[in-house]
Amino acid sequence: MNEPKPMSDNAPVSPERRRFIGAATATAAGLTLVPGVMLIEVAHGRPDDQAASSAVRWGMLVDANQCATGCDDCVTACSTENGWTPVAESTHPTQAPQWIRKLELQDPLTQMETNLPMMCQHCAEPPCVDVCPTGASFKRADGIVLVNRHTCIGCRYCMMACPYKARSLVHESLNDTQKADVPRGIGCVESCTFCVQKVDRGDGTTACVEACTAAGHNALVFGDMNDPESEISKRLRELPTKQVRADLNLNLGVRYHGI
Amino acid sequence: MASITFREVEGSSPKYWMLFGFLGLFVLFGALAWNSMHHHGHVITGMNNQIVWGLPHVFAVFLIVAASGALNVASIASVFNKPMYKPLAPLSAILALALMLGGLLVLVLDLGRSDRLIVAMTHFNFKSMFTWNVFLYSGFFALVGAYLWTMLDRSVKTYSKAAGTAAFIWRLTLTTGTGSLFGFLIARELYGSSMLAPMFIIMSFAYGLAIYLMVLAAAYAWTGRPLGDAVMLRLKTLLAVFIAAVLYFVVVYHMTLLYFASRQDAVAFILRDGGMITTLFWVGQILIGSVVPLVILLTALGKQRMWIMVACALIIVGGIVQMYVTIIGAQAFPLDMFPGMIEKSSFFDGQIHHYSPSMPELFLGLGGVAIALLVTTFAVKVLRLLPASLDDATVAKLEH
């Protein structure tokens, strides 16, 4: 019969076991803490109760030289991420919302062709925000221009004011393609949100950029234009870029190279 | 100064109730149109993501502009002290209120979320011209309402001039606001011009007076009250002056745009290349809306009541066409994001945008017109707005 070891037994625990317990504890602590640290430091994710910060200005670089003819992966990715029906599948193409579209340009004199995606330019001085009667159109501190789904009355004045034709009215009842984190609604105006749900989650990128990179074109870069060390800031320092309708002096969040 | 007897119209004849029922029917059609637009969404209209403001805005803006113009006759009486116009003032004020009501109803019922009107009344962005207009419209109701009160209630008659002057200044500001809804838009070549504000003011003078004259003549003809030529002939000359001024502004506005190379294509679209829009501009706005009425009003034809009415009707039709050209025409021409380049996309960039108004839009707009006329028809029955007689002898006494 085995007698239980008395509690006072001070026989030494094996050194291997002690080391194992120490390592396991450290690993567990590490696994718990690291993602949080990574989230804050790498991707600028922020908790729900923390307001967007003006220290950040989200922006996008479009390299039109890399943007492939006939490729619309960015458009498809946007529609999948944000739950809007692709125009090709819509029964009312002139009324279907399009958050992003591929624009084909041709110089009639030189015949040179350029491809680029066009969407909300996330102006620092957005005309849509100026004209919105209820303040539903607004710019977040981090530069993202959005529409408040609860106070938009569907007057469409912002659509009259936008120089980029970036906005769409939802003309009919929405089907079940809606996403839980992308509120939409009939009778309201909507446009590109820079995938704000992804940005706030800490992904640090947008669906269109991910798709463009995955396709190997690397025509799109997203990031914090206020952070001199971000990839977008570095690229913007090197590449000559232009703003569309720069004459309007709206200080755009989307900059184009190769136009 | 001789006194004038104001009297309600009896409003018990079958003819009155037929008019009432006819207008009521169009109000009902308007309500049904709104109901289906609200139920199905704007998908059942001809509007889309290219032409975002359609026929309802054409009617709404026309009625709002005409509303402030309809107040002119009253303004001439009290602000500019012309006793001959005093008996004409109450109808002028009620017509202004009625047209404004009709226009605003069309405007708010065309919202994507017309059920959220309360949001528009409680959330304000003071950088928006639309927000300014919300206050200008409500102020208009308050001031013109008070002004009408000073005309109808002898105990507050002494405030009439003050109320009239306030309403006059307010209506000039209001139409400046309406014109600036377009004038303050930077995106489109045909807008973004301070010319639009004064041009809308002078247009309001013309449209408002044309509607006023038709309503006045109809009211007197249908109630068998005498309406002398003295009143009509003086007002028709004023109308001719307004129309000439409208033409002047239209010419200067387009000439200014033509001088800017960046805006030439857009102006050429309206004046030469726009197909239907160009036809509407030259035939509807210029010929029918301005030139023909001017010829009628300034020649011997303008001495006949019948022809004055024809001229007024043409000015009203021309005014609605002008709003169509101003609102739809400017949207039909594509945004020029990359000047000098040919643009192509799934979102119809670089293309002329087409618009076919739908039945619900038409009936919503007509519903606004019907509401305005219905309110006027009812008001002349319950309030003492119309002088019992406006024959030449009665009017002549007023000026001495």
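Helices of at least four residues and strands of at least two are runs assigned by DSSP and numbered from the N terminus. In this predicted model, Ser191(A) has its place in the loop between strand S7 (189-190) and helix H5 (196-201) of chain A.

**Confidence**

The predictor gives the complex an ipTM of 0.94 and a pTM of 0.91. Chain B has an average pLDDT of 95, and 99% of the residues score at least 70.

**The surroundings of Ser191(A)**

A residue counts as buried if 20 or more other C-beta atoms lie within 10 Å of its own. Ser191(A) is buried because 25 other C-beta atoms are within 10 Å. Apart from neighbours within four places in sequence, Ser191(A) is in contact with Trp99(A), Cys120(A), Ala166(A), Arg167(A) and Ser168(A). One of these, Trp99(A), is 92 residues apart from Ser191(A) along the chain, yet their C-alpha atoms are separated by 5.0 Å.

**The sheet within chain A**

An open sheet of three strands has the order S8-S1-S9 in chain A, with mixed pairing. Strand S8 (220-224) and strand S9 (254-257) of chain A are at the edges, each with a single partner strand, so one side of each has no neighbour in the sheet. On average, neighbouring strands of this sheet are turned by 20° against each other, direction ignored.

Strand S1 (residues 58-63) of chain A runs parallel to S9(A), and four bridges join the two. Among the facing residues, Met60(A) stands opposite Val254(A) in S9(A), and Asp63(A) has His257(A) as its bridge partner in that strand. With S8(A), S1(A) pairs in the antiparallel sense over five bridges; here Val62(A) stands opposite Leu220(A).

Why is S1(A) described as largely enclosed by the rest of the structure? Six of the six residues of S1(A) are buried, so the strand is largely enclosed. In a regular strand the side chains alternate between the two faces of the sheet. In S1(A), Trp58(A), Met60(A) and Val62(A) are buried on one side, and Gly59(A), Leu61(A) and Asp63(A) are buried on the other.

A second open sheet has three strands in the order S3(A)-S2(A)-S2(B), with antiparallel pairing. Strand S3 (113-119) of chain A and S2 of chain B stand at the edges; each has a single partner strand, so one side of each is left without a neighbour in the sheet. Neighbouring strands are turned by 30° against each other on average, direction ignored.

| Strand pair | Direction | Bridges |
|---|---|---|
| S1(A) and S9(A) | parallel | four |
| S1(A) and S8(A) | antiparallel | five |
| S2(A) and S3(A) | antiparallel | seven |
| S2(A) and S2(B) | antiparallel | four |

Leu103(A) has Leu116(A) as its bridge partner in S3(A) and stands opposite Ser345(B) in S2(B). Helix H2 (residues 73-82) of chain A lies across S2 and S3 of chain A, running at about 160° to S2(A).

**The contact between the chains**

The contact takes 45 residues from chain A and 38 residues from chain B. On the side of chain B that touches chain A, helix H5 (117-122), helix H6 (129-152) and strand S2 (342-345) of chain B are the elements giving two or more residues. The residues of this side divide into 19 nonpolar, 13 polar and six charged.

Notes. Residues numbered from 1 in each chain as written. Chains lettered and ligands numbered in written order. Predicted model: local features only at pLDDT ≥ 70, side-chain atom pairs only at ≥ 80, totals over all residues. Contact = placed C-beta atoms within 7 Å. Nonpolar A, V, L, I, M, F, W, Y, C, P; charged D, E, K, R; others polar. Pairing = 2+ DSSP bridges. Buried ≥ 20, exposed ≤ 12 C-beta atoms within 10 Å, placed from the backbone. Axes fitted to C-alpha atoms, helices over the stretch in contact; angles between N-to-C directions. pLDDT = per-residue confidence, 0-100.
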